[in-house]
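Let us take a short walk through a protein model together. Keep the picture beside you as you read.

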Amino acid sequence: MVLHLDRDHSMNNGHAQHNGHKEDAHVLDREQEQVIVTEEQRPAAAKVDYPRLLELGRELLVALGENPDREGLAGTPRRWADWWREFIEYDPGTTGTTFSSVSTDQIVCVSGMRVFSLCEHHLLPMWCDVAIGYIPGDTVLGLSKFARIAHQFAHQLQIQERLGQQIADEVCRITGTNHVAVIIKGEHLCMSARGIRTPGVMTSSVMRGSFRTDRDLRAEFMQMIQS
């Protein structure tokens, strides 16, 4: 995971948001920083029907022509049900921790985050490399929260395009800024392990606020995540 901070971008592309901070705010002691935990507004995590999953795991083995009672498969329905429960009932922990910002003239970019999800069309895995950029307003998001947010929405039946939108929505909600960019590069087993059986990388993007309207800002973000 790579964190980039660009403190001088506003001088070049004019997206600074002056909020009345004086120059001495830049030397604010860490003891004076305000930690804010936003109220959690995400929906309650889904719950699986674990006993039914155990039954389905056994039925699946039978449908595949296997003996679910033979050595090697006796514990497979339980392990399979455990995995589904772990995946669907995943708890990302606290995602809303923010800190008071002493500057609004920088791009924050976090890249190199890899998350695992399941394609909802085929129930096959996909690996997604996620990069998030935003221009802070009055608050900045805690570093680990970017990965928690990405995992939060990856732990459900997904499509890559919706995953990017949900990540962007959540970063906007928590930080209060509309200037958010999300790039996802995904490799999908529904393409490489079935059908055409050809590896490939799908890239999708979500650009909000100045990242959509400012071509130079967008180009700088793309350069940052490639470095």
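This is a predicted model: local features need pLDDT of at least 70, side-chain atom pairs count only at pLDDT 80 or more; totals for chains, interfaces and linings use all residues.

We begin with helix 8, which runs over residues 215–226 and has twelve residues. From the first C-alpha to the last, helix 8 reaches 17 Å, close to the 16 Å expected at 1.5 Å a residue.

Which residues of helix 8 are buried? They are L217, E220, F221, M224 and I225. Looking down the axis of helix 8, you would find these buried residues within an arc of 130°, so they line one face of the helix.

Helix 3 can be read in a similar manner. In helix 3, the buried residues are P77, A81, W84, F87 and I88. Around the axis they cover an arc of only 130°, which puts them on the same side of helix 3.

## How helices cross

Next come pairs of helices. Two packed helices are described by the angle between their axes and the distance between the axes. Here are two pairs:

| Helix pair | Axes come within | Crossing angle |
|---|---|---|
| Helix 2 (residues 50–63) and helix 3 (residues 76–88) | 8 Å | roughly 130° |
| Helix 4 (residues 143–154) and helix 5 | 9 Å | roughly 135° |

The axes of helix 2 and helix 3 cross at roughly 130°, and that makes helix 2 oblique to helix 3. This crossing of helix 2 and helix 3 is right-handed. Helix 4 and helix 5 are likewise oblique to each other, and helix 4 passes helix 5 in a right-handed crossing.

## Residues in the loops

Now for the loops. Y90 lies between helix 3 and strand 3 (97–100). With 27% relative accessibility, Y90 counts as partly exposed. Although Y90 and Q152 are 62 residues apart along the chain, their C-alpha atoms are separated by 7.3 Å.

Is H179 buried or exposed? At 18% relative accessibility, H179 counts as buried, because the cut-off for buried is under 20%. You can find H179 in the loop between helix 5 (160–175) and strand 8 (180–188). What does the side chain of H179 reach? It reaches the backbone nitrogen of S210, at 2.9 Å.

Two other loop residues have a positive phi without being glycine. For L123, phi is near 55°, and for R197, phi is near 50°. L123 is found in the loop between strand 4 (107–119) and strand 5 (125–134), where its 44% relative accessibility makes it partly exposed. R197 has its place in the loop between helix 6 (189–192) and strand 9 (202–207). At 58% relative accessibility, R197 counts as exposed.

Note on methods. Residues are numbered from 1 along each chain as its sequence is written. Side-chain values use heavy atoms; hydrogens and water are left out. Helices (H or I, at least four residues) and strands (E, at least two) are DSSP runs, numbered from the N terminus. The expected span of a helix is 1.5 Å times one less than its number of residues. Buried means under 20% relative accessible area, exposed over 50%, partly exposed in between (1.4 Å probe, protein chains only). The arc is that of the directions from the helix axis to the C-beta atoms. Axes are lines fitted to C-alpha atoms, for helices over the stretch in contact, and angles run from 0 to 180 degrees between N-to-C directions. Angles under 35 degrees count as roughly parallel, over 145 as roughly antiparallel, 65 to 115 as roughly perpendicular and the rest as oblique. A crossing is left-handed if the near helix is turned anticlockwise from the far one by less than a right angle, and right-handed if clockwise. A polar contact is a pair of N or O atoms within 3.5 Å; within protein, one must be able to donate a hydrogen and the other to accept it, and residues adjacent in sequence count only if both atoms are side-chain atoms.
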